[in-house]
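Have the structure open as you read.

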Amino acid sequence: MTAGEAAEDRGQIEFTIEVASSMADVERSDWDKLAGTTRASATADIPYNPFLSYDFLSALEQSGSVAAKTGWLPRHLLLKEPDGTLCGAVPAYLKSHSQGEYVFDHGWADAFERAGGEYYPKLQASIPFTPATGPRLLAPADTRRPVVQTALAQGLIALTDRLGISSAHITFIPEGEMPTFEETGFLHRTDQQFHFHNESYASYDDFLATLASRKRKALKRERQQAVENGISIERLTGASITEEHWDAFYAFYIDTGARKWGRPYLNRAFFSLIGQTMADDILLVMAKREGRYIAGAINFIGGDCVFGRHWGCIEDHAFLHFEVCYHQAIDFAIERGLPRVEAGAQGEHKLARGYLPVTTHSAHYIAHPGLKRAVADYLERERREVDQIGAILTEHGPFKKA
């Protein structure tokens, strides 16, 4: 969709919609200011989110991790004022499959294609391979924000219809953005993750004190056993992360990714690029034994959150996964005074480590009326189930009962 073809009048504000086929087509300063992804431009309402940064999204493209050959063709939606000023954006991709999204629609695709439809390609507005909640309707933090966000949501529908494709999917949306999507014609889907909430703890022991006695003793024992056999833990960030660390971590990532997904999503070049451009936003937790690294986890540091992402190992040791991925992230969040740890998708085993169920949100525009009706009925039942499971899991959490 070229500039001028989608001029809209929203209360005295005229916009044009463009589609960028690469982050290179967007000015870095314009994007980061709009996304709140510089420390200076972040606000209390929109805290710094490293995954929305120009550097992160560009590293995905420059490394080739995101490209037509991997099934993620960049189609970023840009909203501009008549003078060309960027006033809104959505990171979006034309997808030829449903891998790397963490909100699963394979059943929808199978049903539509069995009925004679073509589900792919589809439009995916998300951060590739990253199940972390963050703004998707990037708009100025001023009075124009609601108007711009509505125009962006309508622009996603217009682009989907113009391309003649089956659907548009916007995943891991803040709950506050959902009304805009629903009012525009999107269906609402919920799912569940597990997050740690830092209640202004002064230390890990303060957190342990909130747990039931049996759970507290179990975690103490677990952490002690994780570092037996001469294992030491290193936490690295900023300039302390070297290419040697990336080499070791990538070996872990490849091994785990090959077993979980068949083909890891990110290539080695991606990690070097983010190491060069956003090392201060990275927390690398590495486990070493007998002079060599044997396991590691990568986290990203936001304005109000530690985002746990990938883990891998080349040696199996009891409880090491929990120590490197979950306990160390909690330690770091408490030390930095960060309110939350998001430990990625799924995983009820996180509950015993102090991570409680949290509802996540996504929005879906289905162009075909029959498929839309079927999906809407399914999502209504699914939302009730997600709510029920969340309530049950919270009740069975490790914390002391009031």
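Gln-124 has His-169 in S8 as its bridge partner. That bridge belongs to a parallel pairing between strand S7 (residues 122-125) and strand S8 (residues 167-173), which runs over three bridges. Two strands count as paired if DSSP finds at least two bridges between them, and strands are DSSP runs (E, at least two residues) numbered from the N terminus.

This is a predicted model, where local features need pLDDT of at least 70, side-chain atom pairs count only at pLDDT 80 or more, and totals for chains, interfaces and linings use all residues. Residues are numbered from 1 along each chain as its sequence is written, and side-chain values use heavy atoms, with hydrogens and water left out.

Zooming out, S7 and S8 sit in an open, mixed sheet of eleven strands, ordered S3-S6-S7-S8-S15-S9-S14-S13-S12-S11-S10. Strand S3 (72-74) and strand S10 (231-237) are the edges: each has a single partner strand, so one side of each has no neighbour in the sheet. On average, neighbouring strands here are turned by 30° against each other, direction ignored (axes are lines fitted to C-alpha atoms).

Now the cysteines. How many disulfides are there? The count is zero, taking a disulfide as a pair of cysteine sulfur atoms within 2.5 Å. The closest cysteine sulfur to that of Cys-313 is in Cys-325, 9.3 Å away, so the two are too far apart for a bond. Both residues are listed below; buried means under 20% relative accessible area (1.4 Å probe, protein chains only).

| Residue | Relative accessibility | Class |
|---|---|---|
| Cys-313 | 8% | buried |
| Cys-325 | 12% | buried |

Definitions and conventions: Buried means under 20% relative accessible area, exposed over 50%, partly exposed in between (1.4 Å probe, protein chains only). Helices (H or I, at least four residues) and strands (E, at least two) are DSSP runs, numbered from the N terminus. Axes are lines fitted to C-alpha atoms, for helices over the stretch in contact, and angles run from 0 to 180 degrees between N-to-C directions.
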